Structure formats: C-alpha cells, structure tokens
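Here are some exercises for you to work through with the model on your screen. Try each task yourself before reading its solution.

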Amino acid sequence: MLAALLLGGSSKDYVPGLAVLRPLAVLALAIGLYGFQRADWHRFRLPLAFMAATLGLIALHLVPLPPSFWMALPGRDLAVLAGEAAGIEPPWRPLSLVPYRGWNAFYATLVPAAVMVCAAQLDRDQHKALAFLVLGAAVISALWASVQAISGYAPSTFLYGAPRVNVPNGLFANRNHLAALLVACLPLLALIASQSKGARASLTVAACAGVAAFLMLIALTTGSRAGIVLSAVSIFASALIWRARPKRASAKTRGAKKPAWASYAVGVFGIAGLGVVALILSQTTGFERLVNAGAGEVEEFRFTVWRTIAGFAPTYLPFGSGIGSFVEVFKVHEPDEMLGQSYWNHAHNDWLEWAVEGGVPAIALMVVTILGWGTRALALARNSQ
C-alpha cells in the first residue's frame, strides 16, 4: 500500500513508477495466494469474489479468438474493413479492440487484487493498523493538496505535472482520484469513533470528526463533482456505522473521568484549522468550478459525450468493445463538433465507460456490487440503536 501511495497516483501506462509498483504487486499477490486459507475466503468472500470476477473478465478480453469468431462479434465491422483494405490476413485477435490498453488494465488491477488478498489474511488488530495506514495516506495527500493551493499551484508541487486548471490533486494525477480517496475515508473514521472506549472516547470522537471535516473540505477544494456525489454515499454509510456502534458496557464506564481539556483543545485547533482551509477553499478554481457548472471545455462537452456513448454502446453488446478500448472506440463515434487537437482519455463517467467496454458481464458486475453494498447497508441499519 505504501508503494501504491508513492508510485501509483496515475492511470497512465507510461508513468515510470509503475515499472516498480506492478512487479511488487505481482510478488505480493503471489505471496498472498500462497498463504491464503479457506477461512479467509469465508470472511471476505463477497469482495474477493468481485475482485476475482473483475480480473477474470479483463483476462477473458485478452484471450486470442479464431478469426471467424472475432469477425462475427458486434461492432467489429470497421476493424474488419480496415484489415481487408490493408490486405492483411485476418489473425487471431482478442475480444478487446485495443489489446495493449486491455493489458494495461489487467496489470493495473493486480495492484488492488494484491492488497485485497493480503489484507484478507490479517487479524483484527492488523486490520485496525491498516485502517490507520489508509487514513494516514489520505491525510498526507490532503495536506499536500493544501500545499499546492497555498503555493498558488506551483508546477513543482505536482508529482505528475501541473493540471490544465488550478485545482489541487495531492499525490495523485487527477483531482477525482484524490476526492474519492478522501471521502472513502469517512466510514473508516466513523468506525474508529464508534469503537472508542473509556476515558479517551470523547477525545477520539472529536479527533475523528475534525479529520473528517478536514478531508471533506479538501475534497470540495478539488472541485470534483464525482467526489461530491460519492461524499453523499460515504456520509450515509458513515451514519449507519455510527448508529450501529456497540452500547457502552456500564454506567461506570460512561461516568469515567474524561480529559475535557484535551477535547476542548482538539475542538479549538480543529475549528481554527478548518477556518484556514475554508479560506483556501474560497479562493480556489475548484470551488468556482462547483458553483459554475458550465465552465470549461470538459464541462461543455461532458453531457454530449455521455449521450454519444449511450447511443453507440448497444453496437458492441453483449460483449462490449473490450476493456481499455474507450479512447479509440470513442474517436470512431465522436461528433464533429467535438473534433479538435485534444482527445477524451475517459468518459468522465465510470459506469458508462465500464458498460461500453465490458458489455453485459460488466453491467452484471456493477449490479451485483450495488446489491451487495445495499445488503450490507441494510444489515447495518437493522443493527442500529
């Protein structure tokens, strides 16, 4: 996870750090699988099954297919005509229209797969330590985002090159990734706060609340609308976790002496810190982007892109255009008014992009994920006080 924090902040396949990160992930995955036990599977079978299905789907898209079978797949007409025009004998090809990007997606997925397989074998105390490691990484990235904003978005503060607009992205190459990490930490903070006990319980709760507010403000600073939507889901999940917290063991525990001065100190410094962050936030392009929904070329064409994808996606069903093929496939269907010197490297809508690339199997995985999340949320709601 530390290697992912320091080397894996971009989805581009040419980032030098990936040459170190991905081999480490393969090694960690091999070690994790070697020590994997049946009990580990039973404890975390839903997320592990989803990860295995995702990795398996990507792998299937990279298996070479006979020419007659591949040419009969939906949406391959243009590729077939191009081959005929070039006089190339139809070779065995994988399902993906852009195989090298599919391989990049496969190697990239090995990183979270390695983390998940290894984490499934940790005990309760080790999981707690892992949670603090994730929170520490999020706080470090958020603090670095603050440095970027305070410096006036100096190019030297960006690890993967300065963005086209003045918004912080912390240790990532993309503001949406930073915002997603920050809001994903809210349920972790709720869990830590809900399990606090003894005289330090109030201090722990106050500290978790302060960190949560800080992370949320930095997420707002990025101007990521995806982060805002995810924050609503994250806050809902955090509320369920907090409401399902265990009851205090006894009145004696509740009446134990608490370090009130420490709680007040945390509150004072927390409010002061949030005030500074709020001041930074009010002066950032990210905040203006949240207020002005139509600013910028990306925002201008975003809905056009989504409509275009929704229009041509059925062409590639039921198998999809291939994992990682969005860039080239979208260029085929791109409206004339969007043609220019730049290109769309992603749909800015993971749901649509995953659906057009992975087809019906990918859509099924998304549905199962939502149902699994909803089932766990319902179980937490039933356990609420």
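Arg-43 is partly exposed, because its relative accessible area is 46%; buried means under 20% relative accessible area, exposed over 50%, and partly exposed in between, with a 1.4 Å probe and protein chains only. Before going on, please note that this is a predicted model, in which local features need pLDDT of at least 70 and side-chain atom pairs count only at pLDDT 80 or more, while totals for chains, interfaces and linings use all residues. Residues are numbered from 1 along each chain as its sequence is written, and side-chain values use heavy atoms, with hydrogens and water left out.

**Exercise 1.** Find the residue with which Arg-43 forms a salt bridge.

*Solution.* 
- Start with the rule: a salt bridge is a side-chain nitrogen of Lys or Arg within 4 Å of a carboxyl oxygen of Asp or Glu.
- The partner of Arg-43 is Asp-40, with 3.6 Å between the closest N and O atoms.
- Now look at where they sit: both belong to helix H3 (residues 38–43), and they are 3 residues apart, so about one helical turn separates them. Helices (H or I, at least four residues) and strands (E, at least two) are DSSP runs, numbered from the N terminus.

**Exercise 2.** Which residues of helix H16 (residues 326–333) are buried, and how are they arranged around the axis?

*Solution.* 
- The buried residues are Phe-326, Val-327, Val-329 and Phe-330.
- Seen down the axis of H16, these residues fall within an arc of 170° (taken from the directions from the helix axis to the C-beta atoms), so they line one face of the helix.

**Exercise 3.** Describe the largest nonpolar core.

*Solution.* 
- A nonpolar core is a set of buried Ala, Val, Leu, Ile, Met, Phe, Trp, Tyr and Cys residues joined through side-chain atoms within 4.5 Å.
- The largest one has 25 residues, and those with the most contacts inside it include Leu-29, Leu-55, Phe-106 and Trp-354.
- Helices H2 (18–34), H4 (45–60), H7 (99–119) and H17 (350–382) each supply at least two of its residues.
- H7 gives the largest share, 7 residues.
- A closer look at Leu-55: leaving out residues up to four places away in sequence, Leu-55 touches Phe-106, Thr-109, Leu-110 and Ala-113, where contact means heavy atoms within 4.5 Å.

**Exercise 4.** Is Asn-169 buried or exposed, and what surrounds it?

*Solution.* 
- Asn-169 is in the loop between helix H8 (124–150) and helix H9 (175–194).
- Its relative accessibility is 3%, so Asn-169 counts as buried.
- Leaving aside neighbours within four places in sequence, the contacts of Asn-169 are Gln-148, Phe-158, Pro-163, Asn-174, Arg-175 and Leu-178.

**Exercise 5.** How many helices and strands does the protein have, and what percentage of its residues is buried?

*Solution.* 
- There are 17 helices and 0 strands.
- Of the 385 residues, 38% are buried.
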